[in-house]
Amino acid sequence: MVEEVRERLYRIEVPLPNSPLKGLNSYVIKGDGRDLVIDTGFNRSACYEAMREGLAALRCDPEGTDFLITHMHSDHAGLVGRLAGERSRVYFSRGDAWVFDKDRSVQPMVDYARMNGFPADELTEALASHPGFKYRPERVPELTLIDDGFSLAIGGYHLRALGTPGHTRGHLCLYDANRGILISGDHILFDITPHIESWSYQVDSLRDYLGSLTKVYGLPVEIVLPGHRSLFCDLPGRIDALREHHRERAAELLAVLGSERLSAYQIAGRMSWDIDCASWELFPVTQKWFATGETLAHLRYLEGEGQIRRNAGEGGFTFSAAGG
Ligand SMILES: [Zn+2]
């Protein structure tokens with residue numbers, strides 16, 4: 001489905017079957033010479049068909065279209081290799097480009113998960129069924145790497161890239177100051193909370209994320225165009241709610257921890273999750289993976305705040321209250 005958001009600016013709703021995200025918002029700006037597509041959907045047929053139909057309805061020809069991807073996740077980047085023509089420019093964040101490294105290995109992440117209590121026998125399945133791996137681009141086109149401050153003028157819009165690490169390290173929002181438009185990727189969503197995970201001790205993603213919320217808090221904005229679900233207007237109001245959400249989650253985590261020593265996986269299993277499952281044991285393994293990653297992000301943050309301690313043991317890491 002194609003909808004006009006503003007003059008020359010359109011949204012294509014791309015379905016994401018079986019995903020709690022439901023759909024992806026791909027934004028299209030019609031330029032005078034070339035057009036620009038921001039984010040694309042998973043590399044799977046339902047997404048491809050929706051994008052092909054949407055782009056055809058908007059008369060975007062692949063060779064005359066450039067692409068900008070807000071962050072590396074496959075629901076945003078997955079189709080870029082199939083949609084881009086030979087002459088398309090593909091703008092991609094330098095901070096996320098490591099994901100396409102040929103000799104990249106998932107081993108450090110797997111080891112980290114195991115050290116944090118994720119059961120070895122569930123790990124292979126968790127990775128195999130992870131949509132990020134399943135629906136990633138098969139072919140990665142030549143990328144034009146961009147950073148915070150990059151700017152692009154198209155169809156009367158002046159977009160400036162804002163580095164907003166947290167959801168991913170290289171996440172970019174796009175801001176048009178004249179028109180008060182913020183294309184927020186997955187940095188700020190309205191109906192759901194952006195997923196913040198940490199699969200490396202070096203990355204304090206929740207701290208980065210809260211910093212990135214502050215970075216955009218005061219921007220004069222008329223409308224926010226997020227990567228999923230509803231468009232919205234009240235940016236500071238939504239940021240206040242997201243900050244409050246993370247405060248509540250941190251408090252819940254500390255309550256779960258109490259005076260025990262628990263692994264991140266154990267803590268995740270005792271936290272409350274917005275999912276239709278009677279018990280943690282019944283969670284699909286991908287959901288356990290997301291839950292553990294999110295718990296690790298909160299643990300890393302609370303450790304940095306001096307509220308909890310990480311204890312190294314023989315089998316891996318456990319956490320305990322700082323005073324305990
Ligand atoms: Zn997304």
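How many of the 324 residues in the protein chain are buried, as a percentage? Buried residues make up 40% of them, where buried means that 20 or more other C-beta atoms, placed from the backbone, lie within 10 Å of a residue's own.

## Before you start

This is a predicted model, so to speak of local features a pLDDT of at least 70 is needed, side-chain atom pairs count only at pLDDT 80 or more, and totals for chains, interfaces and linings use all residues. Residues are numbered from 1 along each chain as its sequence is written.

## The whole chain

The protein chain has 10 helices and 14 strands. Both are DSSP runs numbered from the N terminus: helices are H or I with at least four residues, strands are E with at least two. The radius of gyration is 20 Å, close to the 20 Å that the globule rule gives for 324 residues, so the chain is as compact as a globular protein of that length. That radius is taken over C-alpha atoms, and the rule is 2.2 Å times the number of residues to the power 0.38.

Along the principal axes, the C-alpha atoms fill a box of roughly 65 × 40 × 35 Å. Take the contacts between residues at least 6 apart in sequence: 65% of them join residues at least 24 apart. A contact here means two C-beta atoms, placed from the backbone, within 7 Å.

## The seven-strand sheet

Seven strands make an open sheet with mixed pairing, in the order β1-β2-β3-β4-β5-β6-β7. Two strands pair if DSSP finds at least two bridges between them. At the edges sit β1 (2-6) and β7 (144-146), each pairing on one side only. On average, neighbouring strands of this sheet are turned by 25 degrees against each other, direction ignored.

β1 runs antiparallel to β2 (residues 9-15), and four bridges join the two. Helix α1 (residues 45-57) lies across β1, β2 and β3 (23-29), running at about 155 degrees to β2. Axes are lines fitted to C-alpha atoms, for helices over the stretch in contact, and angles run from 0 to 180 degrees between N-to-C directions.

## The five-strand sheet

Another open sheet, also with mixed pairing, has five strands in the order β8-β9-β10-β11-β12. β8 (151-154) and β12 (223-226) are at its edges with a single partner strand each, so one side of each has no neighbour in the sheet. β8 and β9 run antiparallel over four bridges, and Ala-153 stands opposite His-158 in β9.

Now for β10 (residues 172-176): five of its five residues are buried, so the strand is largely enclosed by the rest of the structure. Leu-172, Leu-174 and Asp-176 cover one side, with Cys-173 and Tyr-175 on the other. β10 pairs antiparallel with β9 (residues 157-163) over four bridges, and Ala-161 stands opposite Leu-174. With β11 (residues 181-185), β10 pairs antiparallel over three bridges, and Tyr-175 stands opposite Leu-182. Four residues lie between the strands of the β10 and β11 hairpin, where Gly-180 takes a positive phi near 65 degrees.

## Two crossing helices

Helix α7 (residues 205-217) and helix α10 (residues 285-304) have axes that come within 7 Å and cross at roughly 80 degrees. That makes α7 roughly perpendicular to α10, a label for angles of 65 to 115 degrees. Ser-205, Leu-206 and Arg-207 of α7 make the contact with Ala-297, His-298, Arg-300, Tyr-301 and Gly-304 of α10.

How values were computed:
A residue is buried if 20 or more other C-beta atoms lie within 10 Å of its own, exposed if 12 or fewer, and partly exposed in between; C-beta atoms are placed from the backbone. Angles under 35 degrees count as roughly parallel, over 145 as roughly antiparallel, 65 to 115 as roughly perpendicular and the rest as oblique.
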